[in-house]
Amino acid sequence: MPSTSLAPDDLESRFWLRTVAAGGWATFWACVAGLTYDALFAEGPHRVAIAVVVAITMALGAAGHWLVPWERFVRSRHREAVLLGWSLFTVVVIGTVAALDGGAASPLALALVLPGSFASLAYSRFRVLVVGAASEVALGALVLIGSPGTGTVLVGAVVLQFLSSFMWS
């Protein structure tokens with residue numbers, strides 16, 4: 001992200017710029033983990049598709065991190081809507097790659113905690129609940145594709161619910 005020229009007293013804008021930077025790096029490292037998993041451990045016919053989806057997400061994340069005029073967005077009333085869209089896109093990507101890898105039984109499904117964790121640190125209560133609900137729906141859909149067992153599904157659902165219900169400020 002380019003260097004900022006914000007006034008020293010613009011703490012809210014600085015907070016959101018740092019939030020965007022943290023989200024960009026979190027996206028990058030989650031994609032690195034996804035590509036590493038795909039290269040070393042994934043089995044099945046969809047390994048190439050998983051790699052392509054993750055690589056495209058990584059490229060979009062890098063482009064968004066460096067090319068989007070975040071200084072303008074963080075000062076606009078659209079700030080949280082743009083970030084909510086980013087979080088929901090992340091849920092969709094995680095759901096997609098986990099579905100390609102076998103559903104909720106895939107280790108990639110564990111990444112569904114990331115968007116809710118990120119949202120709980122900065123978003124309004126309503127937006128945290130939206131991201132949490134989207135993650136729960138994604139987990140439910142993944143269970144229909146491939147379930148790791150009732151205990152794992154129960155714990156996953158409770159963890160996602162906890163993130164969306166209790167971690168907002």
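Helix α6 of this predicted model buries Val128, Val131, Gly132, Ser135, Ala138, Leu139 and Leu142. Buried here stands for under 20% relative accessible area, exposed for over 50%, and partly exposed for values in between (1.4 Å probe, protein chains only). Helices, H or I runs of at least four residues in DSSP, are numbered from the N terminus. Viewed down the axis of α6, the buried residues fall within an arc of 120°, so they line one face of the helix; the arc is that of the directions from the helix axis to the C-beta atoms. Phe126, Val137 and Leu144 are exposed on the other side of α6. The length of α6 also agrees with expectation, because its 21 residues should span 30 Å at 1.5 Å a residue and its end C-alpha atoms are 31 Å apart. The expected span is 1.5 Å times one less than the number of residues.

Residue numbers start from 1 along each chain as its sequence is written. Local features need pLDDT of at least 70 and side-chain atom pairs pLDDT 80 or more, whereas totals for chains, interfaces and linings use all residues, and side-chain values rest on heavy atoms, with hydrogens and water left out.

Not counting residues up to four places away in sequence, Leu112 touches Val91, Ile94, Ser135, Ala138, Leu139, Leu142 and Leu160. Ser135, in helix α6, is buried at 1% relative accessibility. Beyond its neighbours within four places in sequence, Ser135 is in contact with Val91, Leu112 and Leu160.

Charged pairs come next: the whole structure has three salt bridges, each a side-chain nitrogen of Lys or Arg within 4 Å of a carboxyl oxygen of Asp or Glu. In one of them, the side chains of Arg75 and Asp10 meet at 3.1 Å, N to O. Arg75 lies in the loop between α3 (70-74) and α4, and Asp10 in the segment before α1, so this pair ties together parts 65 residues apart in sequence. Arg79 and Glu12 also meet through their side chains at 3.1 Å, N to O, linking helix α4 to helix α1 across 67 residues. Arg79 is buried at a relative accessible area of 15%, while Glu12 is partly exposed at 48%. The closest N and O atoms of Glu80 and Arg127 are 3.5 Å apart in their salt bridge. With Glu80 in α4 and Arg127 in α6, the pair ties together parts 47 residues apart in sequence. Glu80 is buried, at 19% relative accessible area, and Arg127 is partly exposed, at 24%.

As for confidence, the mean pLDDT (the predictor's confidence in each residue, from 0 to 100) of the protein is 87, and 91% of its residues reach 70 or more. Confidence is highest in α4, at a mean of 94, and lowest in helix α7 (residues 150-166), at 78.

Notes: Contact means heavy atoms within 4.5 Å. Helices (H or I, at least four residues) and strands (E, at least two) are DSSP runs, numbered from the N terminus.
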